[in-house]
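Good morning, colleagues. Please keep the display in view as I speak.

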Amino acid sequence: MSRLGARQYIDSRSQNAVEELTKLGGAKVILGTVPSAKAMSSILGGLAVNGKLIMIGVSEEPVEVPPALYVTGRRSLVGWPAGTSIDSQDTLSFSVMSDVRPMTEAYPLEHAVEVYEQMMSGRARFRAVLTTGH
């Protein structure tokens with residue numbers, strides 16, 4: 001995963017992410033991009049003292065926050081309306097500085113409807129890119 005900018009990679013499907021983060025001293029920041037309150041709630045214990053969970057993924061379900069975890073470790077939970085133009089600019093600047101390149105799947109423009117359906121259903125594995133053949 002270093003080609004995506006990660007210095008450390010934890011696969012929460014095969015490892016206990018909280019334990020792994022704790023071994024590393026805890027996370028200063030966790031960026032919650034998934035639209036799953038359950039997933040965000042389950043990772044909170046991996047925050048370091050003064051750590052922050054920033055939620056940009058939106059879920060209809062509430063995030064469960066154990067008060068003692070936050071009070072004793074001065075941790076915080078905030079939301080952020082991602083998708084603004086400055087967010088995009090900052091993301092691209094970080095990518096350039098870190099030599100991060102996206103993983104993409106290219107499709108011909110004629111398949112736009114199927115690709116859109118694949119993306120909206122969550123079946124797209126990488127960033128879907130439509131090409132015009134030029």
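Let me begin with a definition: two residues are in contact when heavy atoms lie within 4.5 Å. On that basis, of the contacts in the protein chain between residues at least 6 apart in sequence, 37% join residues at least 24 apart.

A word on the source. This is a predicted model, in which local features need pLDDT of at least 70 and side-chain atom pairs count only at pLDDT 80 or more, while totals for chains, interfaces and linings use all residues. Residues are numbered from 1 along each chain as its sequence is written, and side-chain values use heavy atoms, with hydrogens and water left out.

I turn to the overall layout. The protein chain contains 5 helices and 5 strands; these are DSSP runs numbered from the N terminus, with helices being H or I of at least four residues and strands E of at least two. Read from the N terminus, the order is α-β-α-β-α-β-α-β-α-β. Along the principal axes, the C-alpha atoms fill a box of roughly 55 × 35 × 35 Å.

Next, the surface. The protein chain exposes about 10100 Å², of which carbon and sulfur atoms supply 57%; accessible areas come from the Shrake-Rupley method with a 1.4 Å probe, and for residues only the protein chains shown count as cover. Of the 134 residues in the protein chain, 20% are buried. Here buried means under 20% relative accessible area, exposed means over 50%, and partly exposed lies in between, with a 1.4 Å probe and protein chains only.

As for charge, the protein chain carries 13 positive and 13 negative side chains, and the centres of the two sets are 10 Å apart. Lys and Arg count as positive and Asp and Glu as negative, with His and the chain ends not counted; each charge is placed at NZ of Lys, CZ of Arg, CG of Asp or CD of Glu.

How many salt bridges does the count come to? The count comes to 3, where a salt bridge is a side-chain nitrogen of Lys or Arg within 4 Å of a carboxyl oxygen of Asp or Glu.

One of them joins R13 and D11, with the closest N and O atoms 3.5 Å apart. D11 lies in the segment before α1, which spans 17-23. A polar atom of the D11 side chain also lies 2.9 Å from the backbone nitrogen of R13. R13 counts as exposed because its relative accessibility is 76%. S12 also lies in the segment before α1, and S12 is exposed, at 54% relative accessible area. Between the C-alpha atoms of S12 and I43, 31 residues apart along the chain, the separation is 9.3 Å.

Another salt bridge pairs K23 with E20, at 3.2 Å between the closest N and O atoms. Both residues lie in helix α1, 3 residues apart, about one turn of the helix. With a relative accessible area of 65%, K23 is exposed.

There is also a salt bridge between the side chains of D99 and R101, at 3.5 Å from N to O. D99 is exposed at 54% relative accessibility, whereas R101 is partly exposed at 49%.

Finally, is S95 buried or exposed? S95, in helix α4 (residues 85-98), is buried because its relative accessible area is 18%. Neighbours within four places in sequence aside, S95 is in contact with V100 and R101.

Methods: Polar contact = N/O pair within 3.5 Å; in protein donor to acceptor, adjacent residues only side chain to side chain.
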